[in-house]
Amino acid sequence: MRNQDDITDTAAGNEADRTSTNKEKLEWPDYPASEASFSHGKITKGVDDVEQRIIEAGEIKYHRVGWVQLTVLLVVEAIALGALSLPSAFATLGMAAGVICTVGIGLLAVYTADIIGQVKLAHPSIRHYGDAGTLIGGRFGYEVLTAMLILSVVFVTGSHCLTGTIAFRHITGSDICSLLFGGVSAIILLLLSIPSSFADMAWLGYVDFASIVAAIGITIIATGIQSSDAPGGLSAVNWSAVSQGNPTFAEGFIAISNIVFAYSFATTQFSFMDEMHTPKDYKKSIWALGFLQIAIYTITGATIYAFVGPDVESPALLSAGPLVSKIAFGVALPVIFISGAINTIVAGRLIHQRIYTNSVTKYINTTMGWITWLTVITAITVIAWVIAEAIPFFSDLLSIASAIFTSGFSFYLPPVMWYMLLRKGKWYSRENLLRSIVNGLIFLFGLTVLVGGLYSSIADIRSNYKAGKVHGPFTCGPV
């Protein structure tokens, strides 16, 4: 196998780039494209027998994920209560456009996930998306994509904290201060984040998947029964194959964005694959996940929209009636907290590994390793809770963050990685032309999501302020 530096130099394409790259490696000893910097089990400083045993135990601990576990982890990352926002997206777009967008965007997400997997196989030292940024743009690329990754997962953790608050208020029907429910949600998220290995979290993924499927199933059955019992039955539901009510550009794009962001598993794919014992099996995982997502999202969006019509709420379980929605929220609690915790672990691992790049403490199997790990995940959880509670338009801020980050991690960055890191020969050569065109179109789609998502989210913030729907920071009232 070729040395990693040689691979990087070949990707650069000319002598000037090689000189620049080598200069940067000398100036930055922890350059993530260098085998010596962080290849598994290699600590650059001398180690004694005790430290060597710690390293060996750590390598075993963090390389136990198989393709089934990878699928489960990606399910935890990808399929959450966001699936129940899709019926409202169908109501805005119409049944035909809703189905086409759900299936089409799902296939694009699988394709870009395959690119990410190929990059990981070609460059085994990549631990997370930030390391891939190094191969694209040197240290600048590393710092930018690392910051984007941390911000993205922290905001997602915050959104799950806020969702937990909403769920507890809805289930209990009490007037207890929302800050208390928010604190309880943050504590649950923190406790579930304690396992530092993704393999240790995989078994919770089965609980997570069962939770969301059950919540979706309850909502579909309840809305179907309600519609059947209503005057006129199912035939009286005013659903349409095309959009109704002349939605604005912002409304239409928010609906498309909800579908796009439901396929956001690529953000953490590098991190999960880094713990695989057989990384080449990733293809089984992304196709299994892609099939599950497309099937679940299409069935959920189409059936609930057909049962409820254009007045379907978001999340759709609110349309199932007061009692059933409480039951559905209760069933969905595991997915709210498990999916949120996995994002805390991703951010925690990234930060912890960066602090202890050349120390056995990075393996989190020593006293100091556990102390610093608990400190890091506690800090992340507290920051996520503060962001969720302090910003009065957090849901729209999350949409802005998703537009910035998900559009890149899932769509416009993978084509760039294919062009710079995987392509062999000229882009217009016979063997590359078709893929060059496909990747170019996906790149443009990602940029469209970025620009359109930002515009739509900002427009929605302005609209909500005008309508007086924005609550105050750290509020005790409904959120």
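Asp274 is buried, with a relative accessible area of 8%, where buried means under 20% relative accessible area, exposed over 50% and partly exposed in between, using a 1.4 Å probe and protein chains only. This is a predicted model, in which local features need pLDDT of at least 70 and side-chain atom pairs count only at pLDDT 80 or more, while totals for chains, interfaces and linings use all residues. Residues are numbered from 1 along each chain as its sequence is written, and side-chain values use heavy atoms, with hydrogens and water left out.

Asp274 forms a salt bridge with Lys120, their closest N and O atoms being 2.9 Å apart; the term requires a side-chain nitrogen of Lys or Arg within 4 Å of a carboxyl oxygen of Asp or Glu. Because Asp274 lies in the loop between helix H12 (269-273) and H13, and Lys120 in helix H7, the pair ties together parts that are 154 residues apart in sequence. Lys120, at 4% relative accessibility, counts as buried.

In the whole structure, a search finds eight salt bridges. One of them joins the side chains of Lys283 and Asp114 at 2.6 Å, N to O. Here Lys283, at 40% relative accessibility, counts as partly exposed, whereas Asp114, at 14%, counts as buried. The side chains of Glu275 and Arg349 also meet in a salt bridge, at 2.3 Å, N to O, and both residues are buried.

Note on methods: Helix = DSSP H or I, 4+ residues; strand = E, 2+ residues; numbered from the N terminus.
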